[in-house]
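Dear colleague,

Please find below the structure I promised to pass on to you, followed by my notes on what turned up in it.

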Amino acid sequence: MVNLGCFETVVFLGGGGGSRRLSLRRWRMGASCGRQTHTAADDTIPDNTEGRPLNGATTQKRSSSVDVSGAIAMLESVAQELQGDTRLKMLSACKLARSIVRDNQVAPPDADKLAALYNLPEALISTAPPQLRASRPAGPELDMAVQLPPPLSEDLAQRVRSWNFNLHDVSKEDLPELCFGVMLGHEEFSQVDINRKRLWRFVQEIASRYRDNPFHSFRHAVDVTICCSCLVRMAQAARRVALSDPQVVVALLVSAMFHDTDHPGVMNGFLVATRHPLALLYNNQSVLENHHCSTALSLLERPELNFLNNLSGADQSQIKGHMITCVLATDVTTHMNFLKEYRACIEADGVANLKPDLIMKLLIKSADISNPTRPLKVYQPWIDGVMAEFFRQGDVERTLGLPISMNCDRHTVATAKCQVGFISFLVKPLFDGTLEYIPALKDVAMTNLEANLAHFKAL
């Protein structure tokens with residue numbers, strides 16, 4: 001039994017020309033024996049009960065505890081009176097609720113807390129059947145109460161264009177406004193006719209979905225977005241036809257923001273090894289990347305968050321396709337194959353004729369692992385964060401008797417040596433390739449990279 005507080009629930013079912021009212025009895029728990037009681041009055045609820053919506057349920061605390069299993073049983077009883085898909089979905093939700101009660105732990109061990117799945121996959125929550133979706137409000141009335149943040153100051157707008165910008169100086173509370181301002185600093189967001197109010201809502205919603213991980217947090221997402229913004233400007237300055245399609249730029253920058261949404265702070269290998277629900281859902285293939293992308297695109301199904309609503313269906317699909325391409329490209333296991341593909345395309349078509357999809361992959365992959373190309377004082381906090389995540393995963397792997405993943409054993413891993421390997425085998429080969437496309441990287445980014453590599457080799 002789990003004590004959560006007694007409640008009274010009335011479910012109104014809309015449809016057709018009216019609504020049905022189903023009363024879930026109010027169950028009170030006896031203070032000493034836990035006896036369930038209810039009164040006859042509980043079975044009668046007036047039609048004009050104030051504050052009860054026609055399509056929803058309300059909950060009011062009445063006492064100190066409730067038998068959750070009994071409450072679920074009541075919901076199952078109500079579900080049996082329903083019909084069609086609604087009945088099946090309600091029963092499915094009850095099964096989920098029973099599993100949650102079954103697995104409840106007052107003080108779960110670290111192994112159960114590390115990659116906890118706090119929410120159902122967003123596709124099961126935010127999406128709706130076509131008929132219901134068509135009946136939902138989707139017009140300008142959804143935007144009336146939205147207040148946009150002020151534009152970035154001239155000074156800040158210039159500073160974020162610097163490769164050496166230190167995001168650690170920005171407070172957590174200011175990150176959503178900064179990210180929003182960076183994106184709107186690109187004229188492509190006007191050319192594509194983005195709904196700015198809904199984009200702002202989307203930014204705020206995405207920010208709320210990031211967990212407070214030492215590394216994979218919304219701060220990392222904003223850092224990658226700012227880096228992509230810099231790379232876009234450099235590429236456009238170097239090659240007039242580069243990224244000439246505004247939809248590509250919009251997709252790249254927005255996907256940079258949500259590319260790690262709801263990251264649990266562990267790597268794909270850990271999810272696969274522990275048979276995590278997400279690994280099973282995505283068949284062990286780019287598990288986190290699929291989860292990040294699915295979560296963000298499912299949120300776009302909510303009308304108030306769909307910043308693409310001014311565009312045709314074809315254009316919306318095109319932009320979403322670009323976003324999927326970008327996020328899936330951040331799977332580090334695709335790194336070597338991507339470099340081979342990139343090199344082959346340059347040799348076949350020349351660096352000036354790369355296709356947009358390949359350019360998007362190149363830029364977001366570079367931005368995602370760009371920390372070593374920043375000054376050491378900017379780079380070091382990111383090192384501290386990612387190593388904290390690695391070691392936390394390694395501790396749990398040791399507890400579970402699993403092989404400890406590379407760079408995750410706090411007892412044997414030397415951070416300096418880890419960074420030398422990271423730069424030498426992942427970052428430098430990728431940025432050497434990016435340098436061919438964006439020569440402007442040589443003066444700052446590559447100089448920082450070489451200095452950081454020398455620093456950690458010397459330790």
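Cys345 counts as partly exposed because its relative accessibility is 24%, whereas Cys94, at 3%, counts as buried; here buried means under 20% relative accessible area, exposed over 50%, and partly exposed in between, with a 1.4 Å probe and protein chains only. The structure holds 0 disulfides, a disulfide being a pair of cysteine sulfur atoms within 2.5 Å.

Please bear in mind that this is a predicted model, in which local features need pLDDT of at least 70 and side-chain atom pairs count only at pLDDT 80 or more, while totals for chains, interfaces and linings use all residues. Residues are numbered from 1 along each chain as its sequence is written, and side-chain values use heavy atoms, with hydrogens and water left out.

Turning to the aromatic residues, a search of the whole structure finds 8 aromatic pairs, where rings of Phe, Tyr and Trp (its six-membered ring) pair if their centres lie within 6.5 Å, and planes under 30 degrees apart count as stacked, over 60 as edge-to-face and the rest as tilted. One of them joins Phe180 and Trp200, a tilted pair at 5.2 Å centre to centre with 55° between the planes. Phe180 lies in helix H7 (residues 175-184) and Trp200 in helix H9 (residues 196-209), so this pair ties together parts that are 20 residues apart in sequence, and both residues are buried. The pair of Phe338 and Tyr342 is stacked, because the ring centres are 6.0 Å apart and the planes stand at 15°; Phe338 and Tyr342 are 4 residues apart in helix H16 (residues 335-349), and are therefore separated by about one helical turn.

Best regards

Definitions and conventions: Helices (H or I, at least four residues) and strands (E, at least two) are DSSP runs, numbered from the N terminus.
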